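I opened my notebook to look up a few things in a structure. Here is what I wrote down, entry by entry.

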Number of protein chains: 2
Amino acid sequence: MADHNIKPVPLDKAYRLLNHGPTVLVSARHAGVDNVMAAAWCCPLDFDPPKLTVVIDRNTYTRRLVEASGKFVVQVPTARQAEVVYQLGSRSKISEPDKLIDIGVVMTSLGGFELPMVRDCSAWLVCEVLPNFENEDRYDLFIGQVVAAWADRRVFSDGRWHFETADAGWRSLHHVAGGNFYAIGARVCASDNE
Amino acid sequence: MADHNIKPVPLDKAYRLLNHGPTVLVSARHAGVDNVMAAAWCCPLDFDPPKLTVVIDRNTYTRRLVEASGKFVVQVPTARQAEVVYQLGSRSKISEPDKLIDIGVVMTSLGGFELPMVRDCSAWLVCEVLPNFENEDRYDLFIGQVVAAWADRRVFSDGRWHFETADAGWRSLHHVAGGNFYAIGARVCASDNE
């Protein structure tokens, strides 16, 4: 993707892409097959090297791709993409093999990684699974180490989000239930901060 | 606490208190000693029975209380409490034994549980640790099963948040870094939802 707005995020700042708790999209590829699902249950786990946790239900097609490849991408979708996020989260490639085409999601790639990434998101984190059978088997909980990250400089630059000055369409989505989200809102600073 | 605004949340709806990714406060008690810390890295893990994950750094005093008691409380603070959340997250009882008093946080209790809870939050979840030595030792990651939950009906009722109609002071906080938060914002619905 030759988009001059997309810039690498230093790995020691990658946790900030997820620190405010957005709903994310999880994508993966194995043997030439791609899929994308939505996940509200994704959370930073460590700063540097950055790690994260994500719950990937055993009944998803994406789970098969992650288990087979040992890799996945976490991306932060925007308020503009609410409908796509909802569709990606409520429809399964298991029953609908052409899910991605039918939903009309546009894929891209970054950094030469052979992994599917959703275009027009605000941030992307490439993860390698740190295998833990008990977590995966008992809780559907996966731990990923972030090996590369990017963000769109129109909403994230200099290691921080700029939701308060970017167009409202860039705001992150925070899923409640059943296709109902909140967008992230106003900046709030503790008193001894700027 | 005899506050008629605080109502139990059915356990199968408790995940919704955290689904939108708020920064939380984690409190615990052991042998008559209480503490509270802030945690941005807390996430639902399962629906029913509800479980959650939370990262509790090994250098925190709260970690000692959680390990000794096997219990903790996750509470959702409000925009009004941003300063208290920042102070609870940046000061340690290890170096400042009277941390809670000095910060001026007001404690309460709910449901007869012998656990410290922070007053004026919007929701509280009582958790029992599901022990997992590898997660705790390697990643500072704790898994809790939620055994009771409450919310303030002025902002959460009928199993959902009402940020869009409640006073703005009730909005959840989403920490970015260094005492800078975003409050949760506007409601966004996918097209085939109300």
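**Entry 1: a proline in chain B**

I began with Pro116(B), which is buried, with a relative accessible area of 1%. This is a predicted model, so I kept in mind that local features need pLDDT of at least 70. I found Pro116(B) in the loop between β7 (107-108) and β8 (117-118) of chain B. What does Pro116(B) touch, not counting residues up to four places away in sequence? I listed Ser27(B), Ala28(B), Arg29(B), Asp34(B), Val73(B), Gln75(B), Met107(B) and Thr108(B).

**Entry 2: cysteines**

How many disulfides are there over all chains? I got a count of zero. I reminded myself that a disulfide is a covalent bond between the sulfur atoms of two cysteines. Cys127(A) is buried, at 0% relative accessibility. For Cys189(B), the closest cysteine sulfur is in Cys121(A), 20 Å from its own, so this pair is too far for a bond as well. I noted Cys189(B) as partly exposed, at 30% relative accessibility.

**Entry 3: aromatic rings**

Next I turned to rings and counted 14 aromatic pairs over all chains. One of them is formed by Phe47(A) and Trp41(B), and it is tilted: the centres are 4.7 Å apart, with 45° between the planes. Phe47(A) lies in strand β4 (residues 42-47) of chain A, while Trp41(B) is in the loop between β3 (33-39) and β4 (42-46) of chain B, so this pair joins two chains.

I then looked at Trp161(B) and Phe163(B), which form a stacked pair, 4.6 Å centre to centre and 15° between the planes. Both Trp161(B) and Phe163(B) are buried. In another place I found one aromatic cluster made of Phe156(A), Trp161(A), Phe163(A) and Tyr182(B).

**Entry 4: charges over rings**

Which residue lies over the face of Trp170(A)? I found Arg80(A) there, at 5.2 Å from the ring centre. I also noted Lys93(A), whose charged end sits over the ring of Tyr61(A), 5.5 Å from the centre of that ring.

**Entry 5: a hairpin in chain A**

Strand β13 (residues 173-177) of chain A is mostly covered, with five of its five residues buried. I followed β13(A) to its partner, strand β14 (residues 180-189) of chain A, and the two pair in the antiparallel sense over four bridges. His174(A) has Tyr182(A) in β14(A) as its bridge partner. The hairpin has two residues between the strands, and Gly178(A) takes a positive phi near 55° in it.

**Entry 6: the two copies**

Notes
Residues are numbered from 1 along each chain as its sequence is written. Chains are lettered from A and ligands numbered from 1 in the order in which they are written. This is a predicted model: local features need pLDDT of at least 70, side-chain atom pairs count only at pLDDT 80 or more; totals for chains, interfaces and linings use all residues. Side-chain values use heavy atoms; hydrogens and water are left out. A disulfide is a pair of cysteine sulfur atoms within 2.5 Å. Buried means under 20% relative accessible area, exposed over 50%, partly exposed in between (1.4 Å probe, protein chains only). Rings of Phe, Tyr and Trp (its six-membered ring) pair if their centres lie within 6.5 Å; planes under 30 degrees apart count as stacked, over 60 as edge-to-face and the rest as tilted. A charge sits over a ring if NZ of Lys or CZ of Arg is within 6 Å of the ring centre and within 35 degrees of the ring normal. Two strands pair if DSSP finds at least two bridges between them. Contact means heavy atoms within 4.5 Å.
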